[in-house]
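Student: I have a new model open. Can you show me how to read it?
Tutor: Gladly. Let us take one feature at a time.

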Amino acid sequence: MQYPAKYPATVRYSTGLFRIGIILASLSLVGCQNHEFEKPDGTVLDWESLRGHWVLVNYWAEWCKPCLEEIPELNSIDRAGAVIVLGVNFDDVRGQELIDLGRKMGIEYSMLAEDPGPKFGWKTPVALPATFIVDPDGNLVETRFGPQTEEDVKELIGR
């Protein structure tokens, strides 16, 4: 690169500052990738706190018979501790009504009051139940439709 003879140190210095600014801006954007999601009781789930765990984000609805069938399996998966299960109500039920509905349906795993999909660029499921499987590094590995079993999930995560 040829610098003008009149101010060579200034040009090199400002070019270096520009590069440092670009690097710092990029790093700050990476830091913004952590998301927080509200639970039905108003508490917040910090997505970064799930790092290091397999996560199943399961979309369900009260009127979905296969959803009802898989709830005991998802409860068992979540209780075992190797995988965290998060439920998302497809019909956008929130607050105390969601807590009551989850209790009525026998859901023991954590539920989210909001759909995390839009923040991650996931498409809205076209069928239920839908389960988005996220690896310990936070990457979406697979989306499955239909009821999941504990055996299916163990096979997927290699346990």
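Student: In which strand is Arg144 found?
Tutor: Some ground rules come before that. This is a predicted model, where local features need pLDDT of at least 70, side-chain atom pairs count only at pLDDT 80 or more, and totals for chains, interfaces and linings use all residues. Residues are numbered from 1 along each chain as its sequence is written, and side-chain values use heavy atoms, with hydrogens and water left out. Now your residue: Arg144 sits in strand β7, residues 140–145. Strands (E, at least two residues) and helices (H or I, at least four) are DSSP runs, numbered from the N terminus.

Student: Is Arg144 buried or exposed?
Tutor: Buried means under 20% relative accessible area, exposed over 50%, partly exposed in between (1.4 Å probe, protein chains only). Arg144 has 19%, so it counts as buried.

Student: Which residues is Arg144 in contact with, leaving aside neighbours within four places in sequence?
Tutor: Contact means heavy atoms within 4.5 Å. Arg144 meets Pro129, Ala130, Thr131, Ile133, Asp152 and Leu156.

Student: Where do nonpolar side chains tend to be in soluble globular proteins?
Tutor: They tend to be buried together. A nonpolar core is a set of buried Ala, Val, Leu, Ile, Met, Phe, Trp, Tyr and Cys residues joined through side-chain atoms within 4.5 Å. Here the largest one has 36 residues. Trp47, Leu56, Val57, Tyr59 and Trp60 have the most contacts inside it. Strand β3 gives the most to this core, six residues.

Student: What does Trp47 touch, not counting residues up to four places away in sequence?
Tutor: Trp47 touches Asn34, His35, Phe37, Val55, Val57, Leu86, Phe120 and Val134.
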